[in-house]
Amino acid sequence: MVVLVLIGTVSLYWLQTRPIPVLWATVGSTLVYMLMQYAYGPVIFAFVIAVFSVIRRGYRLAGWTGLITLYVGHLLGRLILGINEDGVYQVLLVATCFVVLGFIAELFRAHRDRVMAAARTRREAELRKAGEERLRIAQELHDVVAHHISLINVQASTALHLVDRQPEQAGPALSAIKDASKEALVELRSIVGILRQSDETAPRQPVAGLERLEHLVNRTSMAGLEVHTVVHGDPHPLPTGLDRAAFRIIQESLTNIVRHAKASEATVRIQYGEQSLVLQVDDDGQSLAGAPKEGNGIIGMRERATALGGTLTATRTPTGGLRIIANLPL
């Protein structure tokens with residue numbers, strides 16, 4: 001008797017690592033114990049713990065098979081051995097106890113599955129949010145670096161051209177380089193501060209938005225591109241995400257013109273509607289045939305628009321320049 005009790009009890013030590021062998025060890029020791037007609041006692045608890053743990057952890061077939069095996073084996077064993085003291089009532093009572101044990105284990109298993117599913121959903125949502133944030137920061141870095149480096153490149157070329165022939169006129173170009181590089185450093189430090197999540201005080205400019213459009217236009221004009229701004233409708237405050245995306249789309253459009261289009265003028269049109277904000281940027285670049293090639297700049301602008309549920313198209317103007325149209329829903 002003691003050996004059978006020890007087999008079932010000691011085997012529970014391996015329940016977490018080898019649940020199925022432990023279950024069958026408790027089934028076997030409990031069945032033999034009961035058929036030898038020892039007094040009912042703690043031996044049954046090892047079997048109950050094993051079945052409950054196995055079903056709760058998801059091994060449902062093994063758990064229910066163990067329950068049925070012990071019950072049927074007990075009945076058949078008593079018939080074979082001629083042990084017939086149990087009445088129908090007691091047989092049904094034992095069956096009911098086994099079924100209740102199985103269903104209680106199933107309830108705990110279902111609860112465990114729901115908790116794990118909820119945790120998995122939260123983890124996936126956190127990973128997705130982190131990925132979206134990394135993409136947003138990557139877009140911010142691309143826009144900031146591309147815009148300012150393009151302006152610095154144009155102004156540096158102008159300064160090199162003038163330094164020998166007209167040195168007195170190289171000053172404004174060098175001053176523009178200084179301003180553009182300073183602003184780029186400020187914006188980059190602000191973005192890096194977000195990545196570090198540090199508490200140190202870093203110089204920050206206002207969040208990029210359409211209120212900075214005039215500053216953007218003036219700075220781009222210093223690079224030799226004359227920019228005109230046309231606003232339709234009644235300007236009104238926009239949601240932060242929409243405001244930032246609109247500014248970055250215009251900024252990237254002007255950057256592409258400065259870098260790639262041999263244009264002297266560009267027109268920025270902003271239309272405030274009841275349902276959407278429409279942006280249109282045209283340039284008077286060289287007459288080119290066919291659809292414009294889409295590089296990282298246009299792809300990034302389209303991703304910004306799509307993230308807000310909007311659209312962005314890049315086409316040719318009637319004169320052959322580039323036309324960017326972004327429709328951003330409010």
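Q: How is the angle between two helix axes read, and which helices come within 11 Å of each other here?
A: Angles run from 0 to 180 degrees between N-to-C directions, and axes are lines fitted to C-alpha atoms. In this predicted model, the axes of helix α7 (residues 213–221) and helix α8 (residues 240–260) come within 11 Å and cross at roughly 5 degrees. Angles under 35 degrees count as roughly parallel, and α7 and α8 are therefore roughly parallel to each other.

Q: Which residues make the contact between α7 and α8?
A: From α7 come Leu-213, Leu-216, Arg-219 and Thr-220, and from α8 come Phe-247, Ile-250, Gln-251, Leu-254 and Val-258. By residue type, the contact of α7 with α8 has six nonpolar, two polar and one charged.

Q: At what angle do helix α2 and α4 pack?
A: Helix α2 (residues 19–35) packs against α4 at an angle of about 20 degrees, and the axes are 10 Å apart. Therefore α2 and α4 are also described as roughly parallel to each other. The crossing of α2 past α4 is right-handed.

Q: Which residues of α2 and α4 meet?
A: On the α2 side they include Ile-20, Leu-23, Trp-24, Val-27 and Met-34. On the α4 side, Ala-62, Gly-63, Gly-66, Leu-70, Gly-73, His-74, Gly-77 and Arg-78 are among them. The contact of α2 with α4 divides into 10 nonpolar, eight polar and one charged.

Q: How is a pair of aromatic rings described, and how many aromatic pairs are there here?
A: The distance of the centres and the angle of the planes describe a pair of aromatic rings. Rings pair if their centres lie within 6.5 Å, and by this rule the count comes to three aromatic pairs. One of them is Phe-52 with Phe-108, at 5.1 Å centre to centre and 70 degrees between the planes, which is edge-to-face.

Q: Which parts does the pair of Phe-52 and Phe-108 tie together?
A: Phe-52 lies in helix α3 (residues 43–56) and Phe-108 in helix α5 (residues 88–165), so the pair joins parts that are 56 residues apart in sequence. Phe-52 counts as partly exposed at 24% relative accessibility, and Phe-108 counts as partly exposed at 44%.

Q: How are the rings of Trp-64 and Phe-103 placed?
A: Their centres are 5.7 Å apart and their planes are at 75 degrees, so this pair is edge-to-face. Trp-64 lies in helix α4 (residues 60–81) and Phe-103 in helix α5, so the pair ties together parts that are 39 residues apart in sequence.

Technical notes:
Residues are numbered from 1 along each chain as its sequence is written. This is a predicted model: local features need pLDDT of at least 70, side-chain atom pairs count only at pLDDT 80 or more; totals for chains, interfaces and linings use all residues. Side-chain values use heavy atoms; hydrogens and water are left out. Helices (H or I, at least four residues) and strands (E, at least two) are DSSP runs, numbered from the N terminus. Angles under 35 degrees count as roughly parallel, over 145 as roughly antiparallel, 65 to 115 as roughly perpendicular and the rest as oblique. Contact means heavy atoms within 4.5 Å. Ala, Val, Leu, Ile, Met, Phe, Trp, Tyr, Cys and Pro count as nonpolar, Asp, Glu, Lys and Arg as charged, and the others, Gly among them, as polar. Rings of Phe, Tyr and Trp (its six-membered ring) pair if their centres lie within 6.5 Å; planes under 30 degrees apart count as stacked, over 60 as edge-to-face and the rest as tilted. Buried means under 20% relative accessible area, exposed over 50%, partly exposed in between (1.4 Å probe, protein chains only). A crossing is left-handed if the near helix is turned anticlockwise from the far one by less than a right angle, and right-handed if clockwise.
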